[in-house]
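Please keep the sequence and the 3D view at hand while reading.

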Amino acid sequence: MNYPQNGSKIYLFSIVLVAVLGGLLFGYDTAVISGAEKGLQAFFLGAKDFVYTDTIHGITSSSALLGCIIGAAISGFCASYFGRKKSLAIAGVFFFLSALGSYAPEFLFFQHGVPTASLLVAFNFYRIIGGIGVGLASAICPMYIAEVAPSNMRGTLVSWNQFAIIFGQLVVYFVNFLILGEHTQPIIEKIGETLYQVNAQSDPWTIQTGWRYMFGSEAIVAGIFTILVCLVPESPRYLALIGKDEKALMVLSHINGYKKAQEILDQIKNTVEVKSEKLFSFGVMVIFVGVMLSVFQQAVGINAVLYYAPRIFESMNMGNPMVQTIIMGIVNISFTLVAVFSVEKLGRKPLLIWGSIGMAVGAFGVALSNIIEVNPLVPVISIMVYSASFMFSWGPICWVLIAEIFPNTIRSQAVAIAVAFQWIFNFIVSSTFVPMYNMTLGDMGDKFGHMFAYALYGVICIVAAWFVAALVPETKGKTLEDMTNLWRNRSKK
C-alpha cells in the first residue's frame, strides 16, 4: 500500500466535523420538544377516548429520555460488534426515522389528524427511537473523535462535540421560531388540578400542523449526517482491535504521516494484545471514576437550569424571562468556546475544579437571595455565573475524559456504562427539580424550595471539586495507550 508520508489536518478536521454533526443532532433532538410541546399538548387534548392529563403530557415530553438510556446502554455492544462508524450510521437512521415518525405518527395505521390513545403510544414510540439515537451518539461521537485525534489535539476536538450539542439546541430554537412564523402557540387553560383545555381562539394551524414540522425538520440534518458517516473511515483503534492493521495504519498515516502512524500503531498493538479483557481487568476504580464523572455532570443540577430557565427567571421578577434565557444561551456558547481553546493548555483537572467552584458560588448566590432581600440582579448574575462555569468545565470536559480515560480494550463497554448513568441522572435531576423547587416551609413559603434546591446543588459542586482533585488523573498530552498503562499500574497497587 502507498501510505501518505505526511499527515493532513484537513483530512482530520473533515472526519471530526462529520462526527460532530452527531453532537449537533444530539442537541437538536433533545431541544426540539421545547417549541413543539404546547402544540402537541393542544392536539392530544382533543382526544375523545382518553383524558390527556398534565402527567401524561410530562411523560410524553420526556419520553425520549427513556430511549437515551437504552441507546447509551447498548452503545458498548454496538461499538464493539459493529464498529464506531457503523454505530454512528445506525444512530443517524434512528434520528431520521424518529423525525419522520414524529412528524406523521399516523403513518399506515391511524387516521391522520385524529388524536387517540393508540396514536399517542405510536408518537412516544417514535420519540423513544430518536432517544436511542441520542444515546448512541452521546457515547460514540466523543469516543470516535478521541480515537482518531492526535494526543495533543484530542481535548480540543472532543470539546467541539459539546459545542455542537449547545449549538444544535440553539439551531432548533431558531428553526422552531421560523416554522411558527406569524402563527401563535395554542392557548391552554387549566380546568382542574391536572386537567387542561384548549381555548377556542387558539390558532388551529399550530395544533394540527406546526408541531409536526418542528419534529420533521430534524430529518434533513439526520439524512445528511447518515450519508456523510458512510464516507468517513473507521476508527484506527477499532481496526487494530479487530486485527485490520493495514487499514488502521492507512487511517493513521492520513492523519499523522506514515512514520508517526507506525509508532502509534505499535503502541496500540501493545495495549490490545488481549482483546477479550473483562470490564474490571484494570480494577474497579477506573469504572468508578468514569461513572462518577457522568453522575456529577448531571447531579450539579445544570439541566434543571437549562430546562426550566424561563420558569426560574420569571420567579426572580426581573424583566422578560425569555430575554434572560436567550442571554444565558449566548453566555453558554461563549464559555463553551473557552473550554475548546484552553483544554490543551490548562488541562482537564484545573478546568473541572475551577468550574465546580464557580458553579458553587453561583448556586449559593441564588440560594442566599431567597433568604435575604437583595437586588434582583444578584440571582440573575448568580445563575449566569453558575451556567457559564458549567460550560467551560463539566459540560465539555466530562465528555473529553469519558472518551479518553478508559483503556482501549474496555473503552466501548465502559463508555456505555458511564453514559447510561449520565442519562439516568439527567432524568432524576430533571424530574425532581420542580417538586423540590416548589417546596414550602412556614413563613418562607416557596422560597424555602428555591433556597434548598440551589443550596443542594452548591454542596454537590463542592463535593465534585474534591472528587476531581482526589481521584481523577490528568490526561492532558497523554495518548490513549498511556491510559492503559496508568490504570494497569494503579490496579497493581
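## A buried network of charges

Glu344 and Arg348 are both buried, where buried means under 20% relative accessible area, exposed means over 50%, and partly exposed lies in between (1.4 Å probe, protein chains only). Their side chains meet in a salt bridge, with 3.2 Å from N to O; a salt bridge is a side-chain nitrogen of Lys or Arg within 4 Å of a carboxyl oxygen of Asp or Glu. Salt bridges that share partners join Arg154, Glu344, Arg348 and Glu404 into one network.

Within this group, Arg154 forms a salt bridge with Glu404, and the closest N and O atoms are 2.5 Å apart. This pair links distant parts of the chain, since Arg154 lies in helix α6 (residues 154–180) and Glu404 in helix α18 (residues 394–404), 250 residues apart. Helices are DSSP runs (H or I, at least four residues), as strands are (E, at least two), numbered from the N terminus.

## Basis of the model

The model is predicted, so local features need pLDDT of at least 70 and side-chain atom pairs count only at pLDDT 80 or more, while totals for chains, interfaces and linings use all residues. Residues are numbered from 1 along each chain as its sequence is written, and side-chain values use heavy atoms, with hydrogens and water left out.

## A further salt bridge

The structure holds eight salt bridges, and one of them joins the side chains of Arg212 and Glu106 at 2.6 Å, N to O. This pair also links distant parts of the chain, with Arg212 in helix α7 (residues 204–216) and Glu106 in the loop between α4 (84–103) and α5 (117–148), 106 residues apart. Arg212 and Glu106 are both buried.

## Cysteines without disulfides

The structure holds zero disulfides, a disulfide being a pair of cysteine sulfur atoms within 2.5 Å. The sulfur of Cys68 is too far for a bond, because the closest cysteine sulfur, in Cys141, is 13 Å away. For Cys78, too, the closest cysteine sulfur is that of Cys141, at 13 Å, which is too far for a bond. Cys68 counts as buried at 2% relative accessibility, and Cys78 counts as buried at 7%.

## Arg237 and its contacts

Arg237 is placed in helix α9 (residues 236–241) and counts as buried, because its relative accessibility is 7%. Leaving aside residues up to four places away in sequence, Arg237 touches Glu147, Ile264, Ile268, Asn408, Arg411, Leu480 and Glu481, where contact means heavy atoms within 4.5 Å.
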